[in-house]
Every structure is written in structure tokens, then in C-alpha cells.
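Please look over the sequence and the model before reading on.

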Amino acid sequence: MSGTDGVRVPSVKLNSSGSIPVLGLGTSRGTREAVEYAIDIGYRHFDSAYACRTEAEVEAAIEKKIQEGVVKREDLFVTTKLFNTFHRPELVLRAIQMSLAALKLGYVDLYLMHKPIAFKYIDDNPTIPKDANGNYLYNDVDTADTWKVESHAYLMQPDLFDYCKTNGIVLVAFASVGSPGRRNKTKDEAVLSEDPIVVKIAKRLGKRPSQIERGRIPIPRSTNPAHIKENIEVCDFDLTPADLAELGSLDRQLRFFGMAEHKNSPNFPYNDGK
Ligand SMILES: NC(=O)c1ccc[n+]([C@@H]2O[C@H](COP(=O)([O-])OP(=O)(O)OC[C@H]3O[C@@H](n4cnc5c(N)ncnc54)[C@H](OP(=O)(O)O)[C@@H]3O)[C@@H](O)[C@H]2O)c1
């Protein structure tokens, strides 16, 4: 699955069929060279989205690497997403066709609803898990194969994680390194990579803070080759139970993507403070 001398990233099986590499590259910004380099060093999982307008760049990089013989289409796992403006049933097919035209890959491996803010939670909907108190564990709901949600040491989502684990659903984590480059960042917000506990654990393991992950499938975005390389070198060490407990203690339900702009929507998903 890896390039000639790239890191070999394992995959995990999905409930329906196929499998997903346990680490991917986020491609929401400036991307062609990043994807090319990532393929060269072993990345096979790419997270794109129509709304980010980088599908064509992801395609150009993949096409180049296929032509060079580094990978085949079937070696890759490519995700894209249905944006909110295409939720009406009659628009969905058109949206998929637009993404496929930009990606030129014939098919995508995973098609997600990007921000399902208008998703209505009907009572006793059996497809949506609840926590021990009967509250819906809603987030970015997609399929029974994967849930892609914000997840990092400050937002561990243990109930959702346990539910997914029990049901064989793969939890894919965005903002896994704390999304330090996002546009709406505030000056005084917590910086995950500077957290003393994360720094301490990383130091002991001879790793960087961004490499301290805990069981989710991270899709860190980077255009910096050193970071792209660092982010894939996470399969050669284990966190101890004590590390996991310490990381667990950092959870403060801090969302970097709180979607505050939708706060007044009757279907705003985070009104319960989770
Ligand atoms: N479904 C959704 O609604 C949703 C929302 C947000 C994101 N996503 C997906 O998730 C991906 C990742 O999310 P994100 O970009 O918000 O958060 P992220 O991956 O946590 O953070 C990306 C930022 O971290 C920096 N970075 C990455 N690796 C680093 C390292 N090893 N050391 C230091 N800095 C590092 C990057 O800068 P450099 O380029 O300088 O490395 C970039 O500024 C996105 O690209 C997108 O594919 C999905």
C-alpha cells in the first residue's frame, strides 16, 4: 500500500465493505504539492470537500502520481463532501457529479454530509446513538461506516468514541492537531500543541506534540513537508495507559469548530453544551 520507500499506514475495516487507512491528509487549503509529497511518503487517504474548492488540486496531484506509477487509483482512499447548499434530494446527484468531475477519479471512497446543521433529530431515531442519559450523541452524522467529527485532547467525545467502538464505526477526527491555522482563531484560545501534558508525553517518547494521537483516525492538514512527514510517523510508538489517562484529563469540551454562526438554528447540534 505504501510508495516504494514510504511509511506503510495500516487500514481498518469498515462495517459495509472495504477499509480506511488509519491516517489521512486534510486538504482544505493549498494542496497540490502537499498531496504529491504526501503520496510519495506513504499517505493514501485524502480528505477533500466541494466547499473547500481544492478537489481539482487533489485530482491534479493524484493524477500525476498515478502517471508516474507511484500509486494506482485503487490504492487510494479519497473522501469528499456534500455541502449544505445541496441537501435537497434533487440537488444531491448534481453535487456528486460536480465533485466527481473535479476529482476525475471515477468514484470516491467516502461521501459525507459536510455540516449537517439542518439534520432533524426525530424522537427515537434508531440510527443516532444516545449517551447514558438518553441524550443524542449528535455531531456530524454521516453513515454507519464512519463518523467524522472534531476530536482532539481538548474534545475527546468519550461517549461517542465508545459507541463507535462498540458498533465497529470508525471515528475520523478533524482538527486533530488543534487546528492552529484556522481563520477564526482567537488570540487567547488554548493551543493544544503547547499544552504541558502533551509536551511532556511527546518529549518522553522523542516525538512532537502533533504526533500524540489517541485511537481516532486523524486527518491533519499541512502544506509544510516537515509537518506532513511528522504527521505520518505516528505508528511506531504506543501511549501507555498512564499517558491515555493524562490526555483524558485534558478534555474540556472545547470546540474549535463550534459553528457559532448557526447558534440560532432550531437544529443547532451543540445546545446541550457538548
Ligand atoms: N467536516 C468538517 O466540517 C471539517 C471541518 C474542519 C476540517 N475538516 C477536515 O479536517 C482537516 C484538518 O482540519 P484543520 O485543518 O482544521 O485542523 P488541523 O489539521 O488540526 O490543523 C491544521 C493546521 O495545523 C498545522 N499543522 C499540521 N501539522 C502540524 C505539525 N506537525 N506541527 C505543527 N503544525 C502543524 C498546519 O499548518 P502547516 O501547513 O504549516 O503545517 C495547519 O495550519 C481539514 O483539512 C479538512 O480536510 C473537516
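Helices are DSSP runs of H or I with at least four residues, numbered from the N terminus. The model is predicted, with local features needing pLDDT of at least 70 and side-chain atom pairs counting only at pLDDT 80 or more, while totals for chains, interfaces and linings use all residues. Residues are numbered from 1 along each chain as its sequence is written, and side-chain values use heavy atoms, with hydrogens and water left out.

**Ligand shell**
- The ligand is surrounded by 25 residues (a heavy atom within 4 Å), and the closest are Ser 28, Asp 47, Ser 179, Ser 222 and His 227.
- Helix 6 (residues 225–232) supplies the largest share of this shell, 3 residues.

- Taken alone, the ligand exposes 890 Å² (Shrake-Rupley, 1.4 Å probe), of which the protein buries 86%.

**Helix packing**
- Helix 5 (residues 196–205) and helix 7 (residues 241–248) pack at about 160° between N-to-C directions (on a scale from 0 to 180 degrees), with axes, fitted to C-alpha atoms over the stretch in contact, 10 Å apart.
- Helix 5 and helix 7 are therefore roughly antiparallel (an angle over 145 degrees).

How values were computed: Helix = DSSP H or I, 4+ residues; strand = E, 2+ residues; numbered from the N terminus. Parallel < 35°, antiparallel > 145°, perpendicular 65-115°, else oblique.
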